[in-house]
Amino acid sequence: MATYERCADIIIQLMTLFGMCAGGVAIWVNKGRDIEELQNWKAGHELLHKERLVEVKAIEARNEERFRSLESEVRKIDNLSYRLTVTEQTSSSTAGAIKDLQGLLSQQAGDLKVIKEILQRVEGGQLRR
């Protein structure tokens with residue numbers, strides 16, 4: 001019975017050894033596959049980041065171009081606003097000058113009436129003589 005138990009123990013030990021070896025190989029294969037999958041994912045992920053970086057840079061470049069054109073348009077609007085202000089000031093001063101001119105013209109019209117009356121009186125005085 002001792003040899004039978006010993007044989008059984010050796011068989012159990014051999015089966016355990018083979019089981020452990022098979023488990024070790026399975027774990028080694030799984031780890032290798034996992035590492036390969038992880039490296040493939042990492043490469044794909046890095047590629048994705050590079051592509052995304054290119055997209056972001058392109059978007060930034062488009063936005064920068066838009067901002068430049070908007071700044072140009074804002075400068076044009078500021079220039080037009082300045083010109084409009086200057087035009088309004090000029091119009092205001094022109095209106096004041098026209099009012100002054102109208103006042104002077106009214107004075108001259110009054111002076112001409114007086115001169116006309118004076119001349120009519122002088123003519124009338126000369127005709128009587």
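Arg52 and Glu55 sit three residues apart in helix α1, about one turn of the helix. Helices here are DSSP runs of H or I with at least four residues, strands are runs of E with at least two, and numbering goes from the N terminus. The side chains of Arg52 and Glu55 meet in a salt bridge, 3.1 Å from N to O. That term means a side-chain nitrogen of Lys or Arg within 4 Å of a carboxyl oxygen of Asp or Glu.

Some ground rules. This is a predicted model, where local features need pLDDT of at least 70, side-chain atom pairs count only at pLDDT 80 or more, and totals for chains, interfaces and linings use all residues. Residues are numbered from 1 along each chain as its sequence is written, and side-chain values use heavy atoms, with hydrogens and water left out.

Now the overall shape. The chain has one helix and zero strands. Helix α1 covers residues 2-128. Along its principal axes, the C-alpha trace spans about 185 × 20 × 10 Å. The radius of gyration is 54 Å, whereas a compact globule of 129 residues would be near 14 Å. That radius is taken over C-alpha atoms, and the globule rule is 2.2 Å times the number of residues to the power 0.38.

Tyr4 and Tyr82 are 78 residues apart along the chain, and their C-alpha atoms are separated by 112 Å. Ala109 and Phe67 are 42 residues apart along the chain, with 61 Å between their C-alpha atoms. Both Tyr4 and Ala109 belong to helix α1.

What share of the 129 residues counts as buried? The figure is 0%. Buried means under 20% relative accessible area, exposed means over 50%, and partly exposed is in between, with a 1.4 Å probe and protein chains only. Tyr4 is exposed because its relative accessibility is 63%. Ala109 has a relative accessible area of 37%, so Ala109 is partly exposed. The accessible surface of the chain comes to about 12,300 Å², and 62% of that belongs to carbon and sulfur atoms. Areas come from the Shrake-Rupley method with a 1.4 Å probe; for residues, only the protein chains shown count as cover.

Next, a surface feature. Ile10, Leu14, Leu17 and Phe18 form a nonpolar patch, with about 400 Å² of accessible area together. Patches take residues with over 30% relative accessible area and no salt bridge; like charges are joined within 9 Å, and nonpolar side chains (Val, Leu, Ile, Met, Phe, Trp, Tyr) within 5 Å. Phe18 lies in helix α1. Why does Phe18 count as exposed? Because its relative accessible area is 59%.

Back to charges. Side chains of opposite charge can pair when their charged atoms come close. How many salt bridges are there? The count is six. We began with Arg52 and Glu55. Arg52 is partly exposed because its relative accessible area is 44%. Glu55 is at 42%, so Glu55 is partly exposed as well.

Another pair is Lys76 and Glu73, with a salt bridge at 3.6 Å, N to O. Lys76 and Glu73 both lie in helix α1, three residues apart, about one turn of the helix. Lys76, at 48% relative accessible area, is partly exposed. Glu73, at 42%, is partly exposed too. Elsewhere, salt bridges that share partners join Arg33, Asp34 and Glu37 into one network. Arg33 is partly exposed, with 43% relative accessible area. Asp34 is partly exposed at 41%.

Last item: cysteines. A disulfide is a covalent bond between the sulfur atoms of two cysteines. Cys21 is at 43%, so Cys21 counts as partly exposed.
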